[in-house]
Amino acid sequence: MADNIARVFADAIATDPTRPLLTWYDDATGDRTELSGVTLANWVAKTANLLVDEVGLAPGTPAGVLLPPHWQTAAVLLACWSAKLSVVDTPGDVGVLFAAADQFDEAQSWSADERYALGLAPLAAPLRQVPPGFADYVVEVRGHGDHFTPQSGPGPTDAHLLGRAEARATELGILPGARVLIDAARHPDPVDWLLAPLTRAATVVLCANQDPARLAARLTAEKVTHPLP
């Protein structure tokens, strides 16, 4: 396995960049978003360029991510790791903070040079109202470049995260190339819903507010080979 997350992500999409890599469902809103490997890589590149070119963050800079499992969260996390930032979950001083709309109050306990708000709306719609002190992530990220070349070698937390991801992939029974269905409420840790599948070059169907009545049809429609327990 590669020694850094950016390489693991690149390897996971290399065989067929056009296949659906991450499919997002929210059964409460009816939202469905499907991203191929190349589309997710585009969002990751734009976000990494935002972090490096606009915000000017150096490798090792801490980044706060107050976001639930979501396809935009995947783009933000993979971009942070591609830029060799250290993603932290304890309030403190960070170079950048990403916060979901329902976590703006919690975000006030963080000290951040730059703050980006995410509404996590269908079709990546911008926020209707951006809170003071924040910029709208989906508005700001769109103007950045479609390609980003990570520095060689691992970031400061890559070895730890990839070690955990490998262990969880084994524990969860994720096989190489599997099509994995993941209940976001049961697996909120990105090691489970994002990194563990990537280490197996698996594709993900990530579901929020999962409706049990829709499960059987979804397994068939999405050609799921492995629903996570």
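**Exercise 1.** Which right-handed unit do β8, helix α7 and β9 make?

*Solution.* The model is a predicted one, in which local features need pLDDT of at least 70, side-chain atom pairs count only at pLDDT 80 or more, and totals for chains, interfaces and linings use all residues. Residues are numbered from 1 along each chain as its sequence is written, and side-chain values use heavy atoms, with hydrogens and water left out.

Step 1. Identify the elements. Helices (H or I, at least four residues) and strands (E, at least two) are DSSP runs, numbered from the N terminus. Strand β8 covers residues 179-183, helix α7 covers residues 190-199, and strand β9 covers residues 203-208.

Step 2. Examine the pairing. Two strands pair if DSSP finds at least two bridges between them. Strands β8 and β9 run parallel and are joined by 5 bridges. Within this pair, Asp 183 stands opposite Cys 207 in β9.

Step 3. Name the unit. Together, β8, α7 and β9 form a right-handed β-α-β unit. A crossover is right-handed if, with the strands pointing away from the viewer, the path from the first strand over the helix to the second runs clockwise.

**Exercise 2.** Determine the order of the sheet that contains β8, and describe its pairings.

*Solution.* Step 1. Write down the order. This open sheet of 5 strands runs β2-β1-β9-β8-β10, and its pairing is mixed. Its edge strands are β2 (31-36) and β10, each of which pairs on one side only.

Step 1. Take the antiparallel pair. Strands β1 and β2 run antiparallel and are joined by 6 bridges. Leu 22 stands opposite Leu 35 in β2, and Tyr 25 has Arg 32 of β2 as its bridge partner. The hairpin of β1 and β2 has 4 residues between the strands, and in it Gly 30 takes a positive phi near 85°.

Step 2. Take the parallel pairs. Strands β1 and β9 pair in the parallel sense over 5 bridges, with Tyr 25 opposite Cys 207 in β9.

**Exercise 3.** Why is strand β8 described as largely enclosed by the rest of the structure?

*Solution.* Step 1. Buried means under 20% relative accessible area, exposed over 50%, and partly exposed in between (1.4 Å probe, protein chains only).

Step 1. Count the residues. In β8, 5 of the 5 residues are buried, so the strand is largely enclosed by the rest of the structure.

Step 2. Check each face. In a regular strand the side chains alternate between the two faces of the sheet. Arg 179, Leu 181 and Asp 183 are buried on one side of β8, as are Val 180 and Ile 182 on the other.

Step 3. Apply the reasoning to β1. Here 6 of the 7 residues are buried, so β1 is also largely enclosed by the rest of the structure.

**Exercise 4.** Which residues line the largest cavity?

*Solution.* Step 1. Define the search. On a 1 Å grid over the protein atoms alone, a cavity is a set of points where a 1.4 Å probe fits but cannot get out; lining residues have an atom within 4 Å of a point. Grid points are joined across faces, edges and corners, and a volume is the space filled by probe spheres set on the points.

Step 1. The whole structure holds 1 cavity of 30 Å³ or more, and the largest cavity contains about 60 Å³ of space.

Step 2. List the lining. The residues are Leu 21, Leu 22, Leu 40, Trp 193, Leu 194, Pro 197, Leu 198, Ala 202 and Val 204. Helix α7 gives the most, with 4 residues, while β1 (20-26) and α7 each supply at least two.

Step 3. Classify the lining. It divides into 9 nonpolar, no polar and no charged residues; Ala, Val, Leu, Ile, Met, Phe, Trp, Tyr, Cys and Pro count as nonpolar, Asp, Glu, Lys and Arg as charged, and the others, Gly among them, as polar.

**Exercise 5.** Is Thr 73 buried or exposed?

*Solution.* Step 1. Locate the residue: Thr 73 lies in helix α3 (residues 71-82).

Step 1. Read its accessibility. With a relative accessible area of 2%, Thr 73 is buried.

Step 2. Find its contact. The Thr 73 side chain reaches the backbone oxygen of Pro 68 at 2.6 Å.

Conventions. 1 Å grid on protein atoms, 1.4 Å probe; cavity = no way out; pocket = protein on both sides within 12 Å on 5 of 7 lines; lining within 4 Å. Polar contact = N/O pair within 3.5 Å; in protein donor to acceptor, adjacent residues only side chain to side chain.
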